[in-house]
Amino acid sequence: MSSRLFQEVREKKGLAYSVYAYIIAHADSGALVVYSGTEQKHCNEVIDIALTEMKRLKQEPVPQASWIPPASR
């Protein structure tokens with residue numbers, strides 16, 4: 001199972017060797033961190049894709065069924 005971000009950046013576009021995101025959560029603040037191992041010439045496109053996926057998270061939450069690994073279903 002791969003993330004929507006990984007599918008778009010790595011699998012569909014082939015722009016990065018590695019791409020992932022994670023959340024740092026605190027009681028009153030936090031951060032959504034995105035990492036991508038890509039060439040400098042692809043940076044702007046990867047950033048645009050990451051921002052698009054963040055907006056998509058706000059508008060279209062990830063279905064709960066996709067949170068469960070396939071082996072556990």
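View 1. At 12% relative accessibility, Glu 53 counts as buried, a word kept for residues under 20% relative accessible area, while exposed means over 50% and partly exposed lies in between (1.4 Å probe, protein chains only). The view comes from a predicted model, in which local features need pLDDT of at least 70 and side-chain atom pairs count only at pLDDT 80 or more, while totals for chains, interfaces and linings use all residues. Residues are numbered from 1 along each chain as its sequence is written, and side-chain values use heavy atoms, with hydrogens and water left out. Glu 53 belongs to helix α2, residues 43–59; helices (H or I, at least four residues) and strands (E, at least two) are DSSP runs, numbered from the N terminus. Leaving aside residues up to four places away in sequence, Glu 53 touches Arg 4 and Leu 5, where contact means heavy atoms within 4.5 Å.

View 2. Which residues of α2 are buried? They are Val 46, Ile 49, Ala 50 and Glu 53. Seen down the axis of α2, these buried residues fall within an arc of 100°, so they line one face of the helix; the arc is that of the directions from the helix axis to the C-beta atoms. What covers the buried residues includes helix α1 (4–12) and strand β2 (30–38).

**View 3. The length of helix α2.** With 17 residues at 1.5 Å a residue, α2 should span 24 Å, and its end C-alpha atoms are 24 Å apart, which agrees. The expected span is 1.5 Å times one less than the number of residues in the helix.

View 4. How many does a search of the whole structure find? The search finds 6. One of them joins Glu 60 to Arg 4, with the closest N and O atoms 3.9 Å apart. This pair links distant parts of the chain, since Glu 60 sits in the segment after α2 and Arg 4 in helix α1, 56 residues apart. Glu 60 counts as partly exposed, at 40% relative accessibility. Glu 60 also forms a salt bridge with Arg 56, and there the closest N and O atoms are 3.3 Å apart. Salt bridges that share partners join Arg 4, Glu 53, Arg 56 and Glu 60 into one network. Arg 56 is partly exposed, with 28% relative accessibility.

**View 5. Glu 39 and Lys 41.** In this salt bridge, the closest N and O atoms of Glu 39 and Lys 41 are 3.7 Å apart. Glu 39 is partly exposed, with a relative accessible area of 48%, whereas Lys 41 counts as exposed at 65% relative accessibility.

**View 6. The hairpin of β1 and β2.** Strand β1 (residues 16–25) and β2 run antiparallel, joined by 9 bridges; two strands pair if DSSP finds at least two bridges between them. Together they form a hairpin with 4 residues between them. Which residue of β2 stands opposite Tyr 22? Val 33 does. In a regular strand the side chains alternate between the two faces of the sheet.

**View 7. Tyrosines of the structure.** Ring pairs link Tyr 20, Tyr 22 and Tyr 35 into a cluster; rings of Phe, Tyr and Trp (its six-membered ring) pair if their centres lie within 6.5 Å, and planes under 30 degrees apart count as stacked, over 60 as edge-to-face and the rest as tilted. By this rule there are 2 aromatic pairs. Tyr 17 lies in strand β1 and is exposed, with a relative accessible area of 69%. Not counting residues up to four places away in sequence, Tyr 17 touches Arg 10 and Gly 37. Tyr 17 and Ser 36 are 19 residues apart in sequence, and 7.6 Å apart in space from C-alpha to C-alpha.

**View 8. Stepping back to the whole chain.** The protein chain has 2 helices and 2 strands, following the pattern α-β-β-α along the sequence. Its C-alpha trace spans about 35 × 35 × 20 Å along its principal axes. Buried residues make up 16% of the 73 residues.

Note on methods
Salt bridge = Lys/Arg side-chain N within 4 Å of Asp/Glu carboxyl O.
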